[in-house]
Amino acid sequence: MRQNEERGPRKLIPVSSRFVPRSFCWVTDVVTVAAILFAAPTAAQQAPRTIMAVGAHAGDMELTAGAVLLKQRQLGDRVVILHLSLGERGNPKVAAAAYGAQKRKEAEAAARVLGGDVVFAPYRDGEVPNNDEARRYVADVIRQVKPTLIITHWRESIHRDHAATHAIVVDAVLLAAIEAGSKGEPAHRGARLWYAENWEDTEEFQRYLYVDVSDQMTKWRELVTSYEFVRGGISSFAYLDYYTALATVRGAEARRPQAVAFDIDPLGKRRVLDSVP
Ligand SMILES: [Zn+2]
């Protein structure tokens, strides 16, 4: 069972809310969703939160959600990135052990740019285990970090580690909420889940939430170029160009210069109205 605070009756939005969509027109809905995000209540902005991003490989979360993490850090939130693997097998010219050491240093440099904390899980690139042990490991980190929001991969992916990470994190959120940790940490409830937009995870991904990152792109570029594979020369995929252009496209959809989009679980999108708004 998937645990997601975005869904379920407790999170339904009252009809009187200004957040209720006024039509089912896609364009209008996008504008409405953008309005939700850009007109968030002042009190919510002032309450410090902890945002935890969980990626399969070091670099995944910085590329896809890094601009949002930077923005929230600037707003006073705590930011923690958990890398389930280093992505140490991503350089065909360098042995995994050596490239893993490089990726660890790059991830630490990225965390310094971010002003956040970084946690490294003990799993190997290409072998992130979709099993109970990994779920308990991530649940323990969740209980220690106590995030209010967790960002991770979408469920469909061409990369097995990404799909495994999604399944592990979704179940770990539930585990963390229903039992105490291995070292006595109390259960942690209330973590919402957002799924980042990744070029490898596009199947059935629906852009649902847009966050304005127009003032973060310069810093985001500094963040992601902590990694050599983003600077170029390792992969033939143009990471920097792709995610820069994606932010511009998502920004256009949200009527902002640049934005980052997220999906949530389908049930979290359910709206119940007392009458036609
Ligand atoms: Zn990856």
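# Sheet and helix packing in a predicted model

In strand β5, the bridge partner of His 153 is Ala 196. That pair belongs to a set of five bridges joining β4 (residues 149-153) to β5 (residues 192-196), two strands that run parallel. Helices (H or I, at least four residues) and strands (E, at least two) are DSSP runs, numbered from the N terminus.

Helix α6 (residues 160-178) packs on the sheet here, touching β1 (50-57), β2 (78-85), β4 and β5. Touching means residue contact, with C-beta atoms, placed from the backbone, within 7 Å. The direction of α6 makes about 155° with that of β4; axes are lines fitted to C-alpha atoms, for helices over the stretch in contact, and angles run from 0 to 180 degrees between N-to-C directions.

A word on the source: this is a predicted model, in which local features need pLDDT of at least 70 and side-chain atom pairs count only at pLDDT 80 or more, while totals for chains, interfaces and linings use all residues. Residues are numbered from 1 along each chain as its sequence is written.

Stepping back, the sheet is open and has seven strands in the order β3-β2-β1-β4-β5-β7-β6, with mixed pairing; strands pair if DSSP finds at least two bridges between them. Its edges are β3 (117-123) and β6 (209-212), each pairing on one side only. From one strand to the next, the twist averages 30°.

| Helix pair | Axes come within | Axes cross at roughly |
|---|---|---|
| α5 (residues 132-145) and α6 | 8 Å | 55° |
| α3 (residues 60-74) and α7 (residues 217-224) | 9 Å | 135° |

The α3 and α7 crossing is right-handed, with the near helix turned clockwise from the far one by less than a right angle. Among the α3 residues in contact are Leu 63, Ala 67 and Leu 70, and α7 contributes residues including Trp 220 and Leu 223. By class, this contact holds seven nonpolar, one polar and two charged residues. Ala, Val, Leu, Ile, Met, Phe, Trp, Tyr, Cys and Pro count as nonpolar, Asp, Glu, Lys and Arg as charged, and the others, Gly among them, as polar.

Helices α5 and α6 are oblique to each other too, given their angle, and their crossing is right-handed. Val 138 and Ile 142 are among the α5 residues involved, with Ile 168 and Leu 175 among those of α6. This contact has ten nonpolar, no polar and four charged residues.

Finally, confidence: pLDDT (the predictor's confidence in each residue, from 0 to 100) averages 86, and 83% of the residues score at least 70. Over residues 1-44 it is below 50, although this stretch has 62 contacts in the model beyond near neighbours in sequence. Where pLDDT is low, the predicted coordinates should not be read in detail.

Note on methods:
Contact = placed C-beta atoms within 7 Å. Parallel < 35°, antiparallel > 145°, perpendicular 65-115°, else oblique.
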